[in-house]
Amino acid sequence: MKIGNPILRRLSLLLVLPLLLLTACRQIPVVEIEDHHSDPLLENRINANRIIAQSEETQIDAYLSRRNWKMQSLPGGSRLMTDNTQPDTPHSQLTIGDTVELRYNVESIGGDPIYNNLCDTVVIGRAQPNRGVDEALLYLAIGDNATVIVPSEQAFGVIGDGDRITSRMILVYKITINNITQQ
């Protein structure tokens, strides 16, 4: 039914509008979200990833034990050891957004060289060259030499880098911080 009179149209709108608002404000039913543990496939993947992470942790611990190294564990799972080559030079700690020039070597945890003498400019906070190294850079300063062990989850995961780093490879980085441009 079409109301031709503009006054009646406005009046009907004034009557209908509060009814619409009242029905729109009624309580929305709560929908239960299914617990992810009820999906056996998802639970199996979670357990498989947990087992892989524990295996990598064991491999890293054995690597450190063979070398008698003490390394700092970072929140993301990487390990860090620094050797400041210029102890008398004041440094500033790196922060997110800083542009840093790095020189680094990458090898597998088995000791096989992967990349040698790479020079790269990275911006901290952009997961360059990967999340594990990016996190470690926040603990370093210009002039620092560092060794960073990166579990596969923090490096290149199941896909690798498409070149020399294969699936689920634990990486050892030897890094030197050459230059910094602070944000």
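Leu137 touches Leu94, Leu102, Val122, Ile124, Gln128 and Ile177 when residues up to four places away in sequence are left aside, a contact being heavy atoms within 4.5 Å. The model is a predicted one, in which local features need pLDDT of at least 70 and side-chain atom pairs count only at pLDDT 80 or more, while totals for chains, interfaces and linings use all residues. Residues are numbered from 1 along each chain as its sequence is written, and side-chain values rest on heavy atoms, with hydrogens and water left out.

Leu137 is also one of the residues that touch the most other members of the largest nonpolar core, a set of 26 residues; the others are Leu94, Leu102, Leu171, Tyr173, Ile175 and Ile177. A nonpolar core here is a set of buried Ala, Val, Leu, Ile, Met, Phe, Trp, Tyr and Cys residues joined through side-chain atoms within 4.5 Å. Buried stands for under 20% relative accessible area, exposed for over 50%, and partly exposed for values in between (1.4 Å probe, protein chains only). At least two residues of this core come from each of β3 (99-108), β4 (113-123), α3 (131-137), β5 (144-150) and β6 (171-181). The largest share, five residues, is supplied by β6. These elements are DSSP runs numbered from the N terminus, with helices (H or I) of at least four residues and strands (E) of at least two. Another core lies apart from this one and holds eight residues, including Ile60, Tyr63, Met71 and Ile170.

The peptide bond from Gln128 to Pro129 is cis, with omega near -15°, and Pro129 sits in the loop between β4 and α3. Asn68 has a phi near 55°, a positive value in a residue other than glycine. Asn68 belongs to the loop between α2 (40-67) and β1 (72-73) and is exposed, at 63% relative accessible area. For Asn117, phi is likewise near 55°, positive although the residue is not glycine; Asn117 lies in strand β4.

Turning to charged pairs, side chains of opposite charge can pair when their charged atoms come close. Two salt bridges are found in the whole structure, each defined by a side-chain nitrogen of Lys or Arg within 4 Å of a carboxyl oxygen of Asp or Glu. Glu57 pairs with Arg79, with the closest N and O atoms 2.4 Å apart. Because Glu57 is in helix α2 and Arg79 in strand β2 (residues 79-84), this pair ties together parts that are 22 residues apart in sequence. Asp61 and Arg79 meet in a salt bridge as well, at 2.8 Å from N to O. Asp61 is also in helix α2, so its pairing with Arg79 in strand β2 links parts 18 residues apart in sequence. Through shared partners, Glu57, Asp61 and Arg79 form one network.

Finally, the largest pocket has a volume of about 240 Å³. A pocket is an open set of points on a 1 Å grid over the protein atoms alone where a 1.4 Å probe fits, with protein on both sides within 12 Å along at least five of seven lines; lining residues have an atom within 4 Å of a point. Grid points are joined across faces, edges and corners, and the volume is the space filled by probe spheres set on them. The lining comprises 15 residues, of which Asn49, Ala53, Glu56, Pro151 and Glu153 lie nearest the centre.
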